[in-house]
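This briefing is for a reader new to the structure. It goes through selected residues and elements by topic.

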Amino acid sequence: MPIIEPRFRAPFLALFCVFALFGTSITIIGATLPRILADFQWDYLVAGLVIGAGSVAYFVSTFAAGHLVKRYGPKRTIVLGLLLAVTGLTFFAANADPLANILLYALIGLGQGCIEVGVNCATLSIDPHNTGRPMNLMHGAFAIGAIAGPLALGALLRGGLSWIVIYRAIALICALLA
């Protein structure tokens, strides 16, 4: 028995790409934090507030997304999550104002929670035999993004690309996946 039935391979691949990008979007702040601190003259308290806002929003969003999936389905929940992430990633770091960036990073966290729950529900629906194997593979996609994303970002930063441009590029990829 294949891990993914042939009729579900295309949707699974789309979900896999979303989840890999999700892994990158969660770890992007760590890869860019030294540049953020230097460019914006933030201290670790401000950076912690920004990162914490994203985490709290993610936590809250996972609860709300369960209701969204039930009412609107996983596809719409994932698209909403991607659009929230696009908005946050596009405008994050437009200026050094901590409050604006706290709110924008919270928006990214809200999107990530919707993506997490939506992808998990969609993955469960394409596992008719309830083996759990597609879900295991899906979470491997997260790990790929969480590892490859910061490595690629580090190489791009080392090559001289602005960290702000990288955030905008990830926003563009999220928009295309939406």
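In this predicted model, Glu5 and Arg7 form a salt bridge, and their closest N and O atoms are 3.0 Å apart. A search of the whole structure finds one salt bridge. The points below start with this pair, then turn to the core, the helices, the loops and the surface.

**The salt bridge**

- Glu5 has a relative accessible area of 18%, so Glu5 is classed as buried.
- Arg7 is exposed, because its relative accessible area is 57%.
- Side chains of opposite charge can pair when their charged atoms come close.

**The nonpolar core**

- The largest nonpolar core holds 48 residues, and those that touch the most other members are Ile36, Leu89, Phe92, Val119, Trp163, Tyr167 and Ile170.
- At least two residues of this core come from each of H1, H2, H3, H4, helix H5 (133-158) and helix H6 (163-177).
- The helix that gives the most to this core is H1, with 14 residues.
- Leaving aside neighbours within four places in sequence, Leu89 is in contact with Ile108, Tyr167, Arg168, Ile170, Ala171 and Cys174.

**Thr77 in helix H3**

- Thr77 lies in helix H3, which covers residues 74-91.
- Is Thr77 buried or exposed? Its relative accessibility is 2%, and the limit for buried is under 20%, so Thr77 counts as buried.
- A polar atom of the Thr77 side chain lies 3.4 Å from the backbone nitrogen of Val69.
- With neighbours within four places in sequence left aside, Thr77 is in contact with Ala65, Leu68, Val69, Cys114 and Gly118.

- Leu107 lies in helix H4.
- With a relative accessibility of 21%, Leu107 counts as partly exposed, because that class lies between the limits of 20% and 50%.
- Not counting residues up to four places away in sequence, Leu107 touches Leu84, Thr87 and Gly88.
- Leu107 and Gly160 are 53 residues apart along the chain, and their C-alpha atoms are separated by 28 Å.
- Ser125 is also placed in helix H4, which covers residues 98-125.
- The relative accessible area of Ser125 is 52%, so Ser125 is exposed.
- The side chain of Ser125 reaches the backbone oxygen of Ala122 at 2.6 Å.
- From C-alpha to C-alpha, Ser125 and Phe16 are 14 Å apart in space, and they are 109 residues apart in sequence.

**Loops and positive phi angles**

- Most residues other than glycine have a negative phi.
- Gln41 is not a glycine, yet has a positive phi of about 60°.
- Gln41 is found in the loop between helix H1 (9-40) and H2.
- Gln41 counts as exposed, because its relative accessibility is 68%.
- Ala93 is not a glycine either, and has a positive phi of about 70°.
- Where is Ala93 found? Ala93 is in the loop between H3 and H4.
- Ala93 has a relative accessibility of 5%, so Ala93 counts as buried.
- Ala94 lies in the loop between H3 and H4.
- Ala94 is exposed, because its relative accessible area is 56%.
- Ala94 and Gly159 are 65 residues apart in sequence, and 22 Å separates them in space, C-alpha to C-alpha.

**A nonpolar surface patch**

- Which residues make the nonpolar surface patch of about 420 Å²? The patch is made by Val56, Phe59, Val60 and Phe63.
- Phe59 has its place in helix H2, which covers residues 44-72.
- The relative accessible area of Phe59 is 52%, and the limit for exposed is over 50%, so Phe59 is classed as exposed.

How values were computed. Residues numbered from 1 in each chain as written. Predicted model: local features only at pLDDT ≥ 70, side-chain atom pairs only at ≥ 80, totals over all residues. Heavy atoms only, no water. Helix = DSSP H or I, 4+ residues; strand = E, 2+ residues; numbered from the N terminus. Buried < 20%, exposed > 50% of the residue type's maximum accessible area, 1.4 Å probe, protein only. Polar contact = N/O pair within 3.5 Å; in protein donor to acceptor, adjacent residues only side chain to side chain. Patch = residues over 30% accessible without salt bridge, like charges linked within 9 Å, V, L, I, M, F, W, Y side chains within 5 Å. Areas by Shrake-Rupley, 256 points an atom, 1.4 Å probe, with all protein chains shown as cover. Salt bridge = Lys/Arg side-chain N within 4 Å of Asp/Glu carboxyl O. Contact = heavy atoms within 4.5 Å. Core = buried A, V, L, I, M, F, W, Y, C linked by side-chain atoms within 4.5 Å.
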